[in-house]
Amino acid sequence: MYMKRRLFSFVPFLRFSSSTSVMLKSGDVLKQARIFSVTDVLEYSKLSYDSNPLHLDSGYAKNAGFEERLVPGMLVASLLPRIIASHFPGAVYVSQTLHFKLPAYIGEEITGEVQATSIREMKKKHIAKFSTKCFKDGNLVLDGEAAAILPTLSMEPMQSTTTSDRN
């Protein structure tokens, strides 16, 4: 049986209209939510060669003191560059620091948030620094800082994506 699951959703903070271009400025916040599935974790494990049993074995995760299998932290953190690249096609993600605060479990909705903290122009491009955070149920899962080279400060609206998933 196939279930329709929301894997990506744009949490609107900035509003876009077809006639107005929205320019990124310090203080702007962009958000996106995602539910990571069993399939996501298995595919990440295959691609990254990360075979940590905390991600793959429920019994192991429970014996280690967790409620269930964990979503790999780097998979959770992948929300952050996606948010930036979705609004600024051609952006180059140049740095990221991460501090992991709480575990994320398969099936939980995780909301990624990036807030522009500084922007400077350099050779017709822009270097933007961001405060980065991920939350579940309002609780901080991870935080850090990122920097990206943006081809423009004009933001494109991100489209919601849904997909069918068996998990």
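**Exercise 1. Work out which residues Thr132 touches, leaving out those up to four places away in sequence.**

Start with the cut-off: a contact here means heavy atoms within 4.5 Å. With that in hand, Thr132 touches Leu80, Tyr93, Gln96, Thr97, Glu113, Val114, Leu142, Asp143, Gly144, Glu145 and Ala146.

Before going on, a word on the model: it is predicted, so local features need pLDDT of at least 70 and side-chain atom pairs count only at pLDDT 80 or more, while totals for chains, interfaces and linings use all residues. Residues are numbered from 1 along each chain as its sequence is written, and side-chain values use heavy atoms, with hydrogens and water left out.

Thr132 sits in strand 8, residues 125–136 (strands are DSSP runs of E, at least two residues, and helices are runs of H or I, at least four, both numbered from the N terminus).

**Exercise 2. Decide whether Thr132 is buried or exposed, then find which backbone nitrogen lies 3.5 Å from a polar atom of its side chain.**

Take the accessibility scale: buried is under 20% relative accessible area, exposed is over 50%, and partly exposed is in between (1.4 Å probe, protein chains only). Thr132 comes out at 0%, so it's buried. As for the nitrogen, it belongs to Glu145. Glu145 is also among the residues that Thr132 touches.

**Exercise 3. Find how many salt bridges the whole structure holds, and go through the pairs Asp40–Arg34, Lys62–Glu68 and Lys136–Glu108.**

The criterion is a side-chain nitrogen of Lys or Arg within 4 Å of a carboxyl oxygen of Asp or Glu. Searching the whole structure with it gives five.

- Step one: Asp40 pairs with Arg34, closest N and O atoms 3.0 Å apart. Asp40 is buried at 13%, and Arg34 is buried at 13% too.
- Step two: Lys62 meets Glu68 at 3.6 Å, N to O. Lys62 is partly exposed at 48%, and Glu68 is partly exposed at 27%.
- Step three: Lys136 bridges to Glu108, with the closest N and O atoms 3.4 Å apart. Lys136 is in strand 8 and Glu108 in the loop between strand 6 (99–100) and strand 7 (109–122), so this pair ties together parts 28 residues apart in sequence. Both partners are buried.

**Exercise 4. Say where Ser78 lies and how its C-alpha is placed relative to that of Gly112.**

Look between helix 4 (73–77) and helix 5 (79–87): Ser78 is in that loop. Its relative accessibility is 32%, so Ser78 counts as partly exposed.

How values were computed. Polar contact = N/O pair within 3.5 Å; in protein donor to acceptor, adjacent residues only side chain to side chain.
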